[in-house]
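This report describes the fold of the model shown below.

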Amino acid sequence: MSDSAIHAHELTRRFGDFTAVDRISFEVETGEVFGFLGANGAGKTTAIRMLIGLLQPSGGAARVAGHDLATESEAVKRSIGYMSQRFSLYEDLTPRENIRLYGGIYGLTRDEIRQRTEQMLARLGFSEVADIAVRSLPLGWRQKLAFSVALVHQPRIVFLDEPTSGVDPITRRQFWELIYDAASAGTTVLVTTHYMDEAEYCDRISIMVAGRIAAMGTPVALKTQFAVDSIDELFVRLARPEQPA
Amino acid sequence: MTSLRGLIHKEWLHIRRDRRTAAVLVALPVVQVLLFGYAIRTDVDDVRLAVVDPAPDSATIALRNRFASAGVFRNVAVVRRTEELEPLFGSGVAQQAIVFYPGFAQDLGQGVPAKLLIITDATEPNTASLLQSYAQAVVDGYVRSLPASHARPAPAPRIVPQVRMRFNPTHESSNLFVPGLIAFVLTIISSLMTAISLTREKETGTMEALLVSPLRPWEIIVGKVTPYLAIGFVSVVAVLIEARLVFHVPLRGSVVLLLFEGGLYILVSLAFGILISARTSSQRLAMMGTLLATMLPNVLLSGFIFPVESMPRALQLLAYAIPGRWFVTIARGIMLKGVGLEYLWPQTLFLASIAAVLLTASVRSFNERLE
């Protein structure tokens, strides 16, 4: 159990009378790409925000990267990276300056920062735009940069909250290549998405409906279990159970 | 007709959903009228009077009693020598002094013009003129109450008061206004800087990235405040040069002390901006909130335009919480009176306390964000 990257037990979050996340339990293994699916308002973002320490759980417990969320939040923060659906880079700074800033925030030394910066810029093919303001880059480029910056301190786990919304299919494809690169290097990836084709790329997925996990498993196993042709179909059936399938 | 009803209903819903704005819209005029109404009252009813009476006699005692019973003056000190007035004025313990000379009763009785000196602190010219005429009225009343003459054809008793204004002898109103204006402008700009830059980070999402990082709240705040403190400090230097070169406001005290106090005041304002940003979610709101929360109190309650002394007790108490009030006193003290920390330490202590409270509160507001 201590091996798993994320271990959530009966994690709950209430806002007044409304229970946004209702006793969810799941485990994510190290190096896994774990997809978090659910309709808008199903509780995905609330669940993620608890796991990264932005929201206090109302109940339950979780261990993230081997650290207890409630008592070792500092250690948790050090071992995770996060990329939100909103853009998290400073648009008036250049890619190089953004990398340096976040490298410094996560306590990298000057040499490490210099070295990582060159590596990242080269891998992204950003050498020519390294010194122009981020706001003048296309959205897809910015998202790829944001992902790399979320990995600047080589976290054990990276949380991606709808990283590809609004991005064209080709860039999405490239983005997923970056995700696979990170996963094969041993980084655990927890990603939320609206795109059902992306769900198929994940090692395992969970589908949240009304604050609870309605289904969890590998895409193939889930399709067999529910006798559906695609995750898309499964998603619609789970999200709107009152309708005949 | 129905569509219009619908439209009105919709607008009503907007207002109901945004209770905070509605409350501001309703409360603001009430508060403004209240504040302006009271603050603009320029009568003075608690004049801190010092008396220099080297040789008390029946006449000086009688005149002193007249001052005491006039209802406006409060006797803060009776001393023997004029030199002893200096610290009283420097610290602001006394606003006005009457100085008697030996032989006052004798001169009066013989019809010789009796000398009397009235000294008034003129750092606030409007108040000073008022105090001057109050004192004059008391003296005139006393003279009229004296028996017309003891022995004809002796001349009627006369008092010839000499009048002197301290600190700002020429009644330069720019001397009064510029230090206040400096306080006013600095606080608005400084609060705006932090309030806007923090809410911008909230709007763009970078704040989340900072909160997810291992940075502690106080680190985020220090990181925000430090550069703006430097910018604010440059503004302090610039407006002080402007005050000197353009408005010819004297700087009689220590430049170093004034710069230090300026920095402290900027810090207070920056912390205030952070606190505002913690309660607002958009740059637009933060800007409105900051302007409202800094402009009004700093115009009305800082003593910049309306002397705090002439406000009712409740407003005077409220003014204790206004940083501008302390900085205005400090800036006037250093620039016009040339006094130092020996007199200004209470005000400095108040400013420092407000800074500590605001900074602590803003660190708290960051912790609260992680509900």
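In which strand of chain B is the place of Val47(B)? Val47(B) sits in strand E1 of chain B, residues 47-52; helices (H or I, at least four residues) and strands (E, at least two) are DSSP runs, numbered from the N terminus. This is a predicted model, in which local features need pLDDT of at least 70 and side-chain atom pairs count only at pLDDT 80 or more, while totals for chains, interfaces and linings use all residues. Residues are numbered from 1 along each chain as its sequence is written, and chains are lettered from A and ligands numbered from 1 in the order in which they are written.

**Surroundings of Val47(B)**

Val47(B) counts as buried because it has 22 C-beta neighbours inside 10 Å. A residue is buried if 20 or more other C-beta atoms lie within 10 Å of its own, exposed if 12 or fewer, and partly exposed in between, with C-beta atoms placed from the backbone. Leaving aside neighbours within four places in sequence, Val47(B) is in contact with Val72(B), Phe73(B), Arg74(B), Gln95(B), Gln96(B), Leu131(B) and Tyr134(B). Two residues are in contact if their C-beta atoms, placed from the backbone, lie within 7 Å. Leu131(B) is 84 residues from Val47(B) along the chain, yet their C-alpha atoms are separated by 7.5 Å.

**Chain B and its domains**

Chain B has 14 helices and 5 strands. Of its 371 residues, 38% count as buried. Among contacts in chain B with a separation of 6 or more, 80% come from residues 24 or more positions apart.

The domain assignment of chain B gives domain 1 (47-166) and domain 2 (172-369); such bounds come from an automatic or database domain assignment. The C-alpha centres of domain 1 of chain B and domain 2 of chain B lie 41 Å apart. Contact between them involves 6 residues of domain 1 of chain B and 8 residues of domain 2 of chain B. On the side of domain 1 of chain B that touches domain 2 of chain B, helix H4 (85-91) and helix H6 (125-145) of chain B each supply at least two residues.

**Nonpolar cores**

A nonpolar core is a set of buried Ala, Val, Leu, Ile, Met, Phe, Trp, Tyr and Cys residues joined through C-beta atoms within 7 Å. The largest has 84 residues, and those with the most contacts inside it are Ala97(B), Ala183(B), Val268(B), Ala271(B) and Ala331(B). Helix H10 (residues 255-279) of chain B gives the most to this core, with 12 residues. The core draws at least three residues from each of domain 1 (47-166) and domain 2 (172-369) of chain B. Apart from it lies another core, of 61 residues, among them Met50(A), Leu89(A), Ile157(A) and Ile207(A).

Beyond its neighbours within four places in sequence, Val268(B) is in contact with Pro323(B), Leu351(B), Ile354(B), Ala355(B) and Leu358(B).

**Helix packing in chain B**

Two helix pairs are set out below. Axes are lines fitted to C-alpha atoms, for helices over the stretch in contact, and angles run from 0 to 180 degrees between N-to-C directions.

| Helix pair | Angle | Axis distance |
|---|---|---|
| H9(B) (residues 217-245) and H10(B) | about 135° | 9 Å |
| H3(B) (residues 58-69) and H6(B) | about 130° | 10 Å |

In the second pair, Leu63(B), Arg66(B) and Phe67(B) in H3(B) meet Val138(B), Gly141(B) and Tyr142(B) in H6(B).

**Local features of chain A**

Helix H1 (residues 44-51) of chain A is largely enclosed by the rest of the structure, because 8 of its 8 residues are buried. Just after H1(A), Gly53(A) takes a positive phi of about 85°.

Most residues other than glycine have a negative phi. Glu10(A), not a glycine, has a positive phi of about 55°. Glu10(A) is placed in strand E1 (residues 6-15) of chain A and is partly exposed, with 13 other C-beta atoms within 10 Å. Glu162(A), also not a glycine, has a positive phi of about 45°. Glu162(A) lies in the loop between strand E7 (157-161) and helix H6 (169-184) of chain A, and is partly exposed, with 19 other C-beta atoms within 10 Å.
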